[in-house]
Amino acid sequence: MEQPVPLPTPDDIKSLVRPDHVHRRAYADPAVFALEQERIFSKLWIYVAHESQLKKPGDFVRTRLASYEVLVTRHSDGNIYVLQNRCPHRGARICMVDRGNSKVFSCPYHAWSFRPDGSLASVPHRKSYPENFSFDDPNNHMQRVGRVALYRGFVFATLNDSPEPLLDHLGPMTEVIDNLVDRAPDGEVEIADSSFTLEYRGNWKLHLENAADIFHPSFVHSSSVAPARRAPTNASILDQDQTRLMLAANGLGYEEWEGIQLNGYAGGHVYMNNIYNQGVLVSQTADPVAERYRAALAARHGAEKTAQILGMNRFNNIIYPNLVVNAQYQQMRVTIPVSVDRTLVRINCFRLKGAPDEMFHRAVRFLSTLGSPASMIFSDDVEMLERCQQGLARDVGPWIDFSRGVGQESRGADGQLSGAASEMPMRVQFAAWVNYLTAEAA
Amino acid sequence: MLDYATQRRIELFLLEEARLLDSGEFEEWLKLYEPQGIYWMPSQPGQTDPLNVASIMYEDHAILSIRVQRLLEARALVLTPMPRTTHLVSNIEAKEADGGEFTADAAFICVEHQGERQRVYSGRHAYQLTPHDDSFRIRLKRVALMNCDGVHSPMAIPL
């Protein structure tokens with residue numbers, strides 16, 4: 001099944017991206033995908049877990065890193081390790097659950113057992129192994145992945161042995177992680193146990209582009225906007241009108257587009273300001289839950305800093321290559337590429353420690369409304385991403401257009417600014433994409 | 001044990017719900033729900049908490065009516081072409097509950113055909129039913145999808 005694909009050359013990659021157009025091969029060529037796995041998902045810092053999932057020694061989560069399945073573990077030495085989920089003995093997958101706690105990981109085949117740092121703890125019938133068989137030999141350990149680094153509870157890993165410092169990679173995007181954590185009156189967030197994983201039959205970049213695309217909601221989500229606008233306000237007994245407001249808010253018109261600002265950075269990171277600022281998770285003076293929450297936050301930070309924290313109104317903060325954080329709504333999405341035309345999107349929400357329980361209930365509600373498989377929003381997005389892939393898979397065109405707003409950006413010291421109607425975010429993402437894919441040859 | 005006639009009326013009520021979904025009569029389907037009725041599809045096996053644990057759907061009449069209007073909108077992308085479904089409901093066990101109400105448990109299979117693909121959903125329904133005229137209204141329908149915690153593609157038609 002697995003066939004070696006000749007990887008595209010740097011010149012080949014450069015030839016796929018023009019200032020305002022991209023060649024369909026960027027989405028549809030398995031060789032390009034193989035190079036992305038090697039140069040992007042194996043070289044950059046990739047989010048793998050949240051520290052709140054790894055409180056006690058033995059806690060672990062199972063996830064993917066590039067083309068590998070890995071376990072992110074907390075060992076008794078207090079450190080977090082990322083291990084290939086594979087027994088070095090015969091190659092079997094060891095762990096078959098997504099999370100849990102285990103003092104040892106034991107291979108069910110011949111019972112080699114490993115500690116959460118990957119080291120070999122025991123083998124049955126030791127004396128039948130050769131005399132030079134060593135427990136200290138890393139070849140007999142669950143293989144550790146290159147590097148692990150944390151930023152305020154967010155655990156990143158990379159297969160790169162000499163990565164740039166995590167802070168350099170995150171750049172200005174640390175602000176949104178700070179903002180999420182600062183929103184917790186106790187100064188800490190916990191990731192919710194429940195999440196959704198959606199699959200779409202399309203390239204991973206389509207999701208990132210869609211998350212930065214403020215132009216599409218009026219069209220793609222019109223079938224939800226119209227019924228939500230017609231529906232009576234505050235009719236639901238469950239959610240303080242949260243669902244209806246979210247659906248209705250997708251009906252952005254020219255006026256809303258004009259007020260939104262898009263920000264793009266050289267590393268491929270993108271976020272938008274002032275897109276959606278409604279519903280019970282954001283400031284509403286008449287809401288007793290929000291008042292209790294604001295009081296708790298003010299007790300920690302004081303009134304001025306509290307206003308500053310709650311005033312950060314950013315949506316879809318996209319940390320290249322695959323993490324989307326919405327601090328204001330306590331949400332996060334992770335894009336996981338599976339193949340050139342198959343992608344998983346894992347959707348999580350956070351609990352703000354020290355905030356009223358109702359704040360978490362509202363975040364859970366937001367998660368379901370936006371990210372459930374039955375979502376009246378994301379399902380239409382997925383349908384559109386799949387239709388794009390279906391078109392891009394055919395060798396016609398072959399150029400697709402990202403020219404909207406080209407030349408109208410303003411350029412700052414470390415990034416670009418544009419209005420909402422601009423396709424600047426996609427141009428920024430593709431400029432970074434070329435840099436990453438061609439970096440070693442430069 | 002319920003008398004045969006009541007058991008049969010509950011069975012016919014569940015079958016009516018399945019038929020209305022299959023024939024695309026979503027407004028009629030919603031009328032089977034109490035004004036405060038809830039449709040709940042958990043995301044975790046054995047989930048009891050709809051507030052702290054995310055649900056695939058946890059919607060009351062007001063949200064369901066937005067969903068129904070959307071199902072009737074010709075423009076919904078995920079509904080073009082409109083999926084066709086066969087909802088099968090079986091193994092129906094009804095019981096009397098407090099206050100003249102009834103509960104009903106059932107197994108379901110739903111085959112959904114759309115464009116080039118076909119999907120199969122299965123699991124168990126748990127109903128809380130209130131008598132209404134000579135039929136019933138749904139106070140709560142809990143849909144325990146067999147693969148609720150799995151990897152999903154978008155779902156369009158209620159199960």
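## Helix α15 of chain A

Helix α15 (residues 424-438) of chain A has 15 residues, which at 1.5 Å a residue should span 21 Å; the end C-alpha atoms are 21 Å apart, in agreement. The expected span is 1.5 Å times one less than the number of residues. Helices (H or I, at least four residues) and strands (E, at least two) are DSSP runs, numbered from the N terminus.

Of the 15 residues of α15(A), 11 are buried, that is, 20 or more other C-beta atoms, placed from the backbone, lie within 10 Å of their own. Among them are A:Met424, A:Phe430, A:Trp433 and A:Leu437.

## Basis of the model

This is a predicted model, in which local features need pLDDT of at least 70 and side-chain atom pairs pLDDT 80 or more, whereas totals for chains, interfaces and linings use all residues. Residues are numbered from 1 along each chain as its sequence is written, while chains are lettered from A and ligands numbered from 1 in the order written.

## Contact between chains A and B

In chain B, 31 residues are in contact with 37 residues of chain A (C-beta atoms, placed from the backbone, within 7 Å). α3(B) gives the most to this side of chain B, with 7 residues.

Strand β14 (residues 196-200) of chain A pairs with β7(B) in the parallel sense over 2 bridges; pairing requires at least two DSSP bridges. A:Thr197 stands opposite B:Val151.

## An open sheet in chain A

Three strands of chain A form an open antiparallel sheet in the order β1-β2-β21. Its edge strands are β1 (17-18) and β21 (399-401).

Conventions: A residue is buried if 20 or more other C-beta atoms lie within 10 Å of its own, exposed if 12 or fewer, and partly exposed in between; C-beta atoms are placed from the backbone. Two residues are in contact if their C-beta atoms, placed from the backbone, lie within 7 Å.
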